Amino acid sequence: MLGDTAVAVHPDDPRYLHLHGKSVVHPVSGRSIPIICDAELVDMAFGTGAVKITPAHDPNDFKTGKRHNLEFINLLDDNGCINENGGPFAGQPRFKARVTVVEMLKAKGLFRGVADNEMRLGLCSRSKDVIEPVLKPQWWVKCDVMAARSCEAVRTGELEILPKEFEAVWFRWLENIRDWCISRQLWWGHRIPAYYIHLEDEGSEAGGSPGMPSEDMGRWVVGRTLAEAQAAAEARYPGRAVRLSQDEDVLDTWFSSGLFPFSVFKWPEPSLDLDKFYPGALLETGHDILFFWVARMVMMGLQLTGKVPFKQVYLHAMVRDAHGRKMSKTLGNVIDPLHVIEGITLEGLHATLTAGNLDSKEVAKAIAGQTADFPDGIEQCGTDALRFA
């Protein structure tokens, strides 16, 4: 609520016709925020029919904010605490603030009540923590031209996808493509070769710092090396002392993977291997990564070399468990082919789960699954039976 910058009502809702074009006062900051009409977001039959809009912390509200040119107020710091935009709640962890904000509303006599509301809540797959949408400057790749060229390659036969029915998946992805966010806030991966310019004669506070919303986007330079970026920065600010700091973000793993067909041959430097082995003839892979990997390789190959990275894409079926689920380490349902060939006891299967980094709850779930599927372990089947299956 601390980041609300509008209240939306349906334009046809008779209860609020008299409020069109009016404003309300935010109960914490005292800001005057507009009452807007939005038929796309608001369902008249749900709740009060009046919806608070927090553009900086909700995907649907973000789109609404763009449609109505609303103010975007970021409330959270990188530790999940309320920042200086939260007024008297600044510094409070977000879960504590959800309690203290309600207490404040009660003290002001503004609290109407509480009701359960079913909703989707995003949880981190690793930590199980609640995911909080926040605004962050990111690096993006414009994909429309590359995607159109990749579609054309399939239509003309320059690139063949087998089985042919997966062409429909190819076109559905690429004909509806959006710009691609390629920056990731992780500790591993290819670090983005972008550098932020700090001007020594401005002091340490000027211009913000990399990764912060206050940064000046005109201060970024890119380079294959620090020296190349330094030269670009000095050319942009001639005669002034500049200091560079590299962005801490890394590239999306599919960006790095998309470079694979030609980067392994020392591209962008010319090489005999690049001339001889690029493009390749055949890529064989699973159909589940047709867009995530194959399309990225094709788009980037066409864009950076002018050639498709391979002439044919052969998509194999997915090996699944007895319940039709994709085999996954986190599910604990991966079957080692050697265990089918040589056989293994149920206790031996259980022991395989402790060798990785599975959470204890997931280990318990996987043990239950193994017990249900293989109460007597897996009998020795030999290589021929495995290959035939």
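1. Which residues does Leu244 touch, not counting residues up to four places away in sequence? Its partners are Tyr195, Tyr196, Ile197, Val221, Leu226, Ala229, Gln230 and Ala233, where contact means heavy atoms within 4.5 Å. Leu244 itself lies in strand β11, residues 242-246, and it is buried, with a relative accessible area of 15%. Buried here means under 20% relative accessible area, exposed means over 50%, and partly exposed lies in between, with a 1.4 Å probe and protein chains only. The C-alpha atoms of Leu244 and Leu135, which are 109 residues apart along the chain, are separated by 24 Å.

2. A word on the basis of these points: this is a predicted model, in which local features need pLDDT of at least 70 and side-chain atom pairs count only at pLDDT 80 or more, while totals for chains, interfaces and linings use all residues. Residues are numbered from 1 along each chain as its sequence is written, and side-chain values use heavy atoms, with hydrogens and water left out. Helices (H or I, at least four residues) and strands (E, at least two) are DSSP runs, numbered from the N terminus.

3. A search of the whole structure finds eleven aromatic pairs. Rings of Phe, Tyr and Trp (its six-membered ring) pair if their centres lie within 6.5 Å, and planes under 30 degrees apart count as stacked, over 60 as edge-to-face and the rest as tilted. Tyr196 and Trp220 form an edge-to-face pair, because their ring centres are 5.1 Å apart and their planes are at 70°. Tyr196 belongs to strand β9 (residues 194-199) and Trp220 to strand β10 (residues 220-222), so this pair ties together parts that are 24 residues apart in sequence. Both Tyr196 and Trp220 are buried.

4. The rings of Phe265 and Phe277 are stacked, since their centres are 6.0 Å apart and their planes are at 25°. Phe265 sits in the loop between α7 (260-263) and α8 (272-277), and Phe277 in helix α8, twelve residues apart. Phe265 is buried, with a relative accessible area of 17%, whereas Phe277 is partly exposed, at 42%.

5. Elsewhere, ring pairs link Trp173, Trp254, Phe291 and Phe292 into a cluster. Two charged side chains also sit over rings, which requires NZ of Lys or CZ of Arg within 6 Å of the ring centre and within 35 degrees of the ring normal. Arg155 lies over the face of Phe171, at 4.5 Å from the ring centre, and the charged end of Arg296 sits over the ring of Trp180, 4.2 Å from its centre.

6. Phe255 touches Val141, Trp180, Ile182 and Met300, not counting residues up to four places away in sequence.

7. Asn83 lies in the loop between α1 (59-68) and α2 (94-107) and counts as buried, at 10% relative accessibility. Not counting residues up to four places away in sequence, Asn83 touches Asn74, Leu75, Leu76, Asp77 and Ala90.
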